[in-house]
Amino acid sequence: MTYHPTPVPPRNNRPLRIVLVVVGVVVALCCLGGAVGGWFLYQTVQDAVGPARSATGEYLDALRDGDHQRAYDRLCQRQRDQVTADEFALQRQAMPKLVEYDITGMRVSTNNGRTTGAASVRLETANGETNESISLLREDGEWRVCP
């Protein structure tokens with residue numbers, strides 16, 4: 001009589017497969033949730049900073065183009081109450097001409113219902129290059145330069 005060993009039953013890998021699929025789905029959902037959350041955060045920051053950056057650009061464009069009236073119109077009411085458009089134009093004409101600029105950073109904050117901002121800019125004038133901060137104020141729903 002010949003001895004026949006008892007065959008080993010095949011291993012059941014089904015529970016391992018189920019666990020791996022569940023873990024894979026959870027990881028995929030976490031990645032998707034992180035991507036969607038990141039996108040919403042980016043959009044929120046852009047919605048807050050974008051208009052302030054645009055107002056800064058409009059002001060600097062007007063200065064670069066020598067359109068002092070347009071630059072004056074971008075000033076906050078407090079600043080316009082302190083200086084007339086003609087005085088502003090004379091002050092700007094006495095300064096080195098703005099050749100080019102680059103907005104390198106923006107900060108926007110709200111404190112006690114007052115929304116302010118600061119733009120970090122690199123200014124290239126006829127006399128050289130400088131880095132400055134331009135203060136902004138949200139007035140009547142519009143961003144205004146308020147030095």
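Visitor: Which residues is leucine 136 in contact with, leaving aside its neighbours within four places in sequence?
Guide: Leucine 136 is in contact with Ala52, Ala55, Thr56, Met106, Thr116, Gly117, Ala118, Ala119, Trp143, Arg144, Val145 and Cys146. Contact here means heavy atoms within 4.5 Å.

Visitor: What kind of model is this, and how are its residues numbered?
Guide: This is a predicted model, in which local features need pLDDT of at least 70 and side-chain atom pairs count only at pLDDT 80 or more, while totals for chains, interfaces and linings use all residues. Residues are numbered from 1 along each chain as its sequence is written, and side-chain values use heavy atoms, with hydrogens and water left out.

Visitor: Thr56 was on that list. Is threonine 56 buried or exposed?
Guide: Buried means under 20% relative accessible area, exposed over 50%, and partly exposed in between (1.4 Å probe, protein chains only). Threonine 56 has a relative accessible area of 0%, so it is called buried. Threonine 56 is found in helix α1, and, not counting residues up to four places away in sequence, it touches Ile103, Met106, Ala119, Val121, Ile134 and Leu136.

Visitor: How much of the chain is buried?
Guide: Buried residues make up 27% of the 147 residues.

Visitor: What makes a nonpolar core, and which residues have the most contacts inside the largest one?
Guide: A nonpolar core is a set of buried Ala, Val, Leu, Ile, Met, Phe, Trp, Tyr and Cys residues joined through side-chain atoms within 4.5 Å. The largest one here has 23 residues, and those with the most contacts inside it are Tyr59, Leu60, Leu63, Phe88, Met106, Val121 and Leu136. At least two residues come from each of α1, α2, β1, β2, β3 and β4. Helix α1 gives the largest share, seven residues.

Visitor: What do those element names stand for?
Guide: They are DSSP runs numbered from the N terminus: helices (H or I, at least four residues) and strands (E, at least two). The chain has four helices and four strands, running α-α-α-α-β-β-β-β from the N terminus on.

Visitor: How do you know that β3 and β4 pair?
Guide: Two strands pair if DSSP finds at least two bridges between them. β3 and β4 have four bridges, in the antiparallel sense, so they meet that rule.

Visitor: Which strands are called edge strands?
Guide: The open sheet of four strands has the order β1-β2-β3-β4, with antiparallel pairing. The edge strands are β1 and β4, as each pairs on one side only.
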